[in-house]
Amino acid sequence: MKLSRTITRTILTTLILTACTPPSPGTPAASPTITASPTPPTPSATPTLTPSPVPSPTPNPLFAEMASLRGVNFGNALDAPAPGAWGVTLTRELVLAVRDAGFNAIRLPVRFSAHTGPAPEYTLDPDFLATVDEVIGWVLDAGLTVLLDLHHFEALNQNPAAERDHFLSIWDQLARHYQSQPEQLYFELLNEPSGELDADTWNVLLRDALAVVRQSNPDRVVLVSTAAFAAVDALDQLSLPRDTRLAATFHYYEPFEFTHQGANWVSGSSAWLGTTWDGTAEEEDAISSAFDQARAWSTAQNVPLVLGEFGAIEQADHDSRVRWTAAVARAAKRTGMAWFHWDLCTDFGIYDCDAGVWDPDLLSALLD
Ligand code: GLC
C-alpha cells in the first residue's frame with residue numbers, strides 16, 4: 001500500500017471547507033500591482049469635476065509564461081519514502097522521452113522531509129540532494145521547465161506548529177542551494193496542504209516560507225497551493241502576499257469516485273470500480289464551471305494559475321480515462337493555465353517506463 005489515507009480527499013475537503021472562515025474583507029489578498037493614475041496635474045485656475053480614472057491592474061507577464069506550459073508529474077519517484085521504493089527510477093532517457101513526446105515541463109515531487117538531519121539544523125542529506133540535483137540538471141539540459149515540489153510532508157499537515165521550523169529550514173537550504181540555477185527552475189512550497197494545516201494556518205505559514213525563499217531568490221517563480229488537498233474550491237480562502245513572481249496552484253480529480261476508483265490508499269474506493277465518465281453535457285459542465293470559477297479568481301487577483309495535478313487511475317475504463325483527460329486538459333488550455341498530468345508511469349500513468357511506450361490515446365488527449 002502506497003499511503004494509508006483512511007479518509008477520502010473529497011470528504012476531508014468538505015469538512016475543511018465547512019470549518020474554515022473565509023478571509024475577512026480587510027485581509028490583504030494578492031493585490032495586483034497598481035499603476036499610478038495617469039491624470040496630469042490640473043491647471044490651478046480650472047478645478048475639474050471629473051474623477052481620476054480608476055487605476056487598472058498592470059498585466060502580469062507571468063500569465064503568458066504559465067499558459068505555455070504543458071507538463072507531466074514525475075510522480076512516485078523521489079516522493080517515495082526512498083528513491084525507487086515505489087518502482088520508478090528517474091533517468092535522463094525518461095526526461096528526453098517526455099520532451100520528445102511534446103511536453104515542455106516536468107513537475108518533480110520530492111519528499112525532502114524524509115532526508116533531513118536532527119533539529120535545529122535539519123540539514124538536508126547531501127547524497128539525496130545530489131540525486132535531486134542530477135534530475136533537475138537533466139530536465140534543464142533538455143530545455144524543459146522544472147517545478148520542484150515539496151511532497152508528502154505529512155508531519156507538517158498533522159502538526160504545523162511543531163514542524164514549522166523544519167519546513168522553513170528545508171526552504172532556506174533549498175533556496176540557497178538553487179539560487180544560481182536558471183529561471184526555468186520553479187519552486188512549489190508544499191503539495192496539498194491538508195489536515196491541521198487549514199486555510200488560515202497555511203495563509204500565515206506560506207508567507208513565512210515565501211519570505212525565506214525571497215531572501216536568496218528574489219525573482220524565482222514560486223507556486224503556492226490552495227488548502228484542503230489543493231482544492232479548487234479553496235482558492236477563495238487563499239491569501240497571497242503581493243509578489244509578481246507568484247502563481248497559485250490547485251489539483252483536479254473530480255469526480256473523485258471516477259479518478260480514484262480502486263486506489264489502494266483511499267478507503268472504500270473499491271466500491272467505485274466500474275464508474276465511467278461518458279462526457280455527458282452535465283459532466284462536461286462540471287469541469288467547465290470549476291475552471292471558469294478558478295479563472296475568475298485568477299483574473300480578480302491578477303495571479304496566474306497552475307493545474308499541478310490531474311489524472312484518472314489505470315483501473316478506470318480506458319475510454320473514460322481518455323475522454324476525461326481530454327476534457328480537463330481542454331478546460332485548462334481554454335482558461336490559460338499551465339497544466340501537469342499526474343503521473344508518468346505508475347498508477348495514473350500514460351507511459352510504460354520499462355518498455356518506453358506511450359499510451360497513444362492518453363498522449364493525444366493531452367497534447368492534441
Ligand atoms: C497526491 C498524492 C499522490 C497521489 C496523487 C493521486 O499528489 O500526493 O501520492 O498519488 O495525489 O492520489
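A disulfide is a pair of cysteine sulfur atoms within 2.5 Å. A search of the whole structure finds 1 disulfide. This is a predicted model, in which local features need pLDDT of at least 70, side-chain atom pairs count only at pLDDT 80 or more, and totals for chains, interfaces and linings use all residues. Residues are numbered from 1 along each chain as its sequence is written, and side-chain values use heavy atoms, with hydrogens and water left out.

**Overview**

- The protein chain holds 12 helices and 10 strands. Helices (H or I, at least four residues) and strands (E, at least two) are DSSP runs, numbered from the N terminus.
- The chain has 368 residues, and 54% of them count as buried. Buried means under 20% relative accessible area, exposed means over 50%, and partly exposed lies in between (1.4 Å probe, protein chains only).
- Take contacts in the protein chain between residues at least 6 apart in sequence: 76% of them join residues at least 24 apart. Contact means heavy atoms within 4.5 Å.

**The disulfide**

- Cys345 and Cys353 are joined by a disulfide, with 2.1 Å from S to S.
- Their link is left-handed, with -90° about the S-S bond.
- Cys345 counts as buried because its relative accessibility is 19%.
- Cys353 has a relative accessible area of 24%, so Cys353 is partly exposed.

**The barrel**

- A barrel is closed by 8 strands, in the order E1-E2-E3-E4-E5-E6-E7-E8, with parallel pairing. From one strand to the next, the twist averages 25°. Axes are lines fitted to C-alpha atoms (for helices over the stretch in contact), and angles run from 0 to 180 degrees between N-to-C directions.
- Two strands pair if DSSP finds at least two bridges between them.
- E4 and E5 run parallel and are joined by 2 bridges. Here Glu188 has Leu223 of E5 as its bridge partner.
- Strand E5 (residues 222-225) pairs with strand E6 (residues 246-252) in the parallel sense, over 4 bridges. Val222 has Leu246 of E6 as its bridge partner.
- From E5, Val222 and Val224 point one way, while Leu223 and Ser225 point the other way. All of these are buried.

**Strand E8 and its neighbours**

- Strand E8 (residues 338-341) is covered on both faces. Ala338 and Phe340 are on one side, Trp339 and His341 are on the other, and all are buried.
- Strand E1 (residues 70-73) runs parallel to E8 and is joined to E8 by 3 bridges. The bridge partner of Gly71 in E8 is Phe340.
- Strand E7 (residues 305-310) also pairs with E8 in the parallel sense, over 2 bridges. The bridge partner of Leu307 in E8 is Trp339.

- Helix H6 (residues 160-177) has 18 residues. H6 reaches 24 Å from its first C-alpha to its last, close to the 26 Å expected at 1.5 Å a residue. The expected span of a helix is 1.5 Å times one less than its number of residues.
- The buried residues of H6 include Pro160, His166, Phe167, Ile170, Trp171 and Leu174.
- They pack against helix H4 (126-141), strand E3 (145-150), helix H5 (154-158), strand E4 (185-188) and helix H7 (199-216).
- H7 has 18 residues and reaches 26 Å from its first C-alpha to its last, close to the 26 Å expected at 1.5 Å a residue.
- Among the buried residues of H7 are Trp202, Leu205, Ala209 and Arg214. What covers the buried residues of H7 includes H5, H6, E4, E5, helix H8 (227-230) and E6.

- Asn159 is found in the loop between H5 and H6. Its relative accessibility is 38%, so Asn159 counts as partly exposed.
- Asn159 and Glu196 are 37 residues apart along the chain, yet their C-alpha atoms are separated by 6.4 Å.

**Nonpolar cores**

- A nonpolar core is a set of buried Ala, Val, Leu, Ile, Met, Phe, Trp, Tyr and Cys residues joined through side-chain atoms within 4.5 Å.
- The largest nonpolar core has 91 residues. Those with the most contacts inside this core are Leu108, Phe112, Phe167, Trp202 and Phe291.
- Apart from this core lies another, of 12 residues, among them Leu62, Tyr186, Ala338 and Phe340.
- Not counting residues up to four places away in sequence, Phe167 touches Leu150, Phe153, Leu156, Leu189, Leu190, Trp202, Leu205 and Ala209.
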